[in-house]
Amino acid sequence: MAQTEKKISARQLFLFIIQAQIGVGVLSIPYKLNETARGGAGITVLITGAITQLIILMFWLLLRKFPGLNLFQICLRLGGRVFGKLLIAGYIGYFVLLGANIMLSAVGVLQRWMMNATPTWILLGLFSIMTYYLAKEKLTVMARFYTLSSALFIPLIIFVSYGLTQARLEYMFPLMEAGIWNILKATKDTTISMYGFEVILVIFPFIDASDKKKLMIISMSNLFVTLFYVFVVCTCLMVFSSEQLRLIPEPVLYLVKSLNFYIVDRADVLFLPIWSITLVCSITSYAYAASVGLAQLFERKSHGVFTPYVNAVIFFITLLPATPLATRRLDVSAEYAAYLFIFILPFAMVFGSKLFKKKVERSA
Amino acid sequence: MKRSVAVLGAVLSTAMLAGCWDREYLKDLNLAYSVGFDLTKDKKIKETVELIIPPESEQSGTKNEIHSAVGPTTRGSSNELRARVRGNMRVLKNGVQVIGKDLALNGLKPPMDVNFRDPDNPSSNVRLIITDGEASEIIGQKEVGELKIGEFLIQKIESLEKMSLFYPPETMDTVFKALKDPGQDFALPYIGLEGKEIVAKGVALFHDQYFTGELNIEDSIMLVLLKGRSGDNARLTKKIDDGPLRGNISFNVGKKKVKRTFKVMVGKNGEVHVQLNIKLKGLIEEYTGSHPLTEESLVRVNQELSDILTRQARDVVRSLQKANCDIFGVGRELIAYHNSLWKQKDWSKEYQEVQFHTDVQVSIINTGIIQ
């Protein structure tokens, strides 16, 4: 039984990745894509999903080479003591930055739509406390919570589907208005809402399944998330005309607000708290990954002791930007950090592991 | 140590988590149930609200108060109003917004902006109504019979929606959509004051954000049918002037689904043709002629009614084009399926040149319990 205590099951992995991936980004991707890809936004999301799949495949190739090791241990193995620790520190910084970015956008949305009078630091504090409680726990505990909160996807999907009653297919056409090049270029705007799958770099060794099955499950999660995004984006594009969408930075919420449930008038106020749970899961995944990294860096067994520091840092980073411009800057830096840390560096590591293959085999 | 941390945690959480900043007590609020906007002579916005005052004792009913104020913008006049009413005025429960004709002629976008921008303003179930006079006069009626003005207006609009005068219901959100859409216009309920009575006059047609024309009640019903929709009932009364069948006939076409074909076609030289046909199934509710409505005579009746309604439908389409009101979304179809053509067109001018081919077919399926 000790084995199952430590590892999470395949089903939990499926939901874990979904919860980590779906974040605050989806609320605004229809808006962003309307600017660039116009009617072809659904296609853009599909392409982004395919690119994500390729990256996942790359991760898998890397992780499979080092059975039982997570990202940080691989860093040490490949980079040696000094360089490896630098890499680990870099990854910790990246996870903290992305966690902070999600938290900041989440609180921004909550304040704009629901809690105008509540001070920002209170909301940030509450989010930090929630994530702290989860992230300090063992992976199995987190996985159980994620599984439980996945039930909340049902009302979310129902809310958005109800918007289809107002949909009009013509709003989405012409599909290729922006041209194929712009549709491809727009993938840049969607990638940020796909992030979250990189937690597999950290949790990969703690899954109770064969390597092949792990890949399949992760791909299924990615497929689910991609299709969910396509559904949301297409619904929004069919409900709002593109001139209207240009004015609405969070179309998903606007859509939910404009639904009329007879008794309930502001459905967005119901939607947001449910949504917040999903956001907490995303932030928790990053906080957990960063704490595991710290534990590796300082060669400790348990990551729990580092979680408070991670959460404190996230909290203070999110306190800093006060203007939309500063928020935007954090957004952009997160985006570029992601290119470096989930694309370039893992790629270099796969490449490096090929070169050092012999060395690795000898030491193993 | 552990115990003291737990105690501290408990104290802190009771202190911090119990409070909530975004709360509003119902007892502190003055809820506006209906709001009216007018344009004053010096181009300012005059806002008139109906506030609901909670009863002082449990037995007595609620009362309403009417207030108005003038300000440079919608929100500006709301702020003026807040200086006049007791306590804080909120529009959370607002169900109907009346707009004076002058304001509607001047464009809806600026005065409506606050409704879309502030999430506290309800939008999904707020009806917009245009009045031929001043909105303040309508709201100023205060009570109609037993009903307060806001309740009265909502009930009136909802019952007229069921009678297919205005259908599907236009709310703040659907208007927002149409306001922002270059290929789609909208129409709003049009009411007026006759003596002391508030009377529905038909619909007010809009182009872009401007009030550009109106339709009377019978034509409004025809417009709803041409959209392929109908409320619970759609009653029309027509006069048949044909030999033995001469007489007035009242029939209801709202009981069965309207079958509609709507096709936008583009000719060789870029001219736009629209084929708009509807098939109606009618139930006869009244017939003042003397000839019994046998199966053979029903054929004649169908023919006659189809002719009459086709003529009426063509008139309605002409009025729509005159008002430049693209209510069927022909422009939207062009954007979607003939995008390059759309880009060449100046739709505000060229909509009037669209050739509509309109046809209405009526078949009577029921004559009541007598022939």
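About 60 Å³ of space lies in the largest cavity of this predicted model, a cavity being a set of points on a 1 Å grid over the protein atoms alone where a 1.4 Å probe fits but cannot get out. Three cavities of 30 Å³ or more are counted. Local features need pLDDT of at least 70 and side-chain atom pairs count only at pLDDT 80 or more, while totals for chains, interfaces and linings use all residues. Residues are numbered from 1 along each chain as its sequence is written, and side-chain values use heavy atoms, with hydrogens and water left out.

**Largest cavity**
- The lining residues, which have an atom within 4 Å of a point, include B:Leu165, B:Phe166, B:Tyr167, B:Glu170 and B:Lys227.
- Strand E9 (187–194) of chain B supplies at least two lining residues, as does helix H8 (217–226) of chain B, and the largest share, three residues, comes from E9(B).
- By class, the lining holds 10 nonpolar, no polar and two charged residues.

**Second largest pocket**
- This pocket, an open set with protein on both sides within 12 Å along at least five of seven lines, has a volume of about 1,200 Å³.
- Its lining has 43 residues, with A:Ser105, A:Arg112, A:Glu250, A:Thr327 and A:Asp331 nearest the centre.
- H5(A) gives the most to this lining, with 10 residues, and the lining comprises 19 nonpolar, 15 polar and nine charged residues.

**Position of A:Leu46**
- A:Leu46 lies in helix H4 (residues 41–65) of chain A and is partly exposed, with a relative accessible area of 44%, where partly exposed lies between buried (under 20%) and exposed (over 50%), using a 1.4 Å probe and protein chains only.

Note on methods: Chains lettered and ligands numbered in written order. Points joined across faces, edges and corners; volume = space filled by probe spheres on them. Helix = DSSP H or I, 4+ residues; strand = E, 2+ residues; numbered from the N terminus. Nonpolar A, V, L, I, M, F, W, Y, C, P; charged D, E, K, R; others polar.
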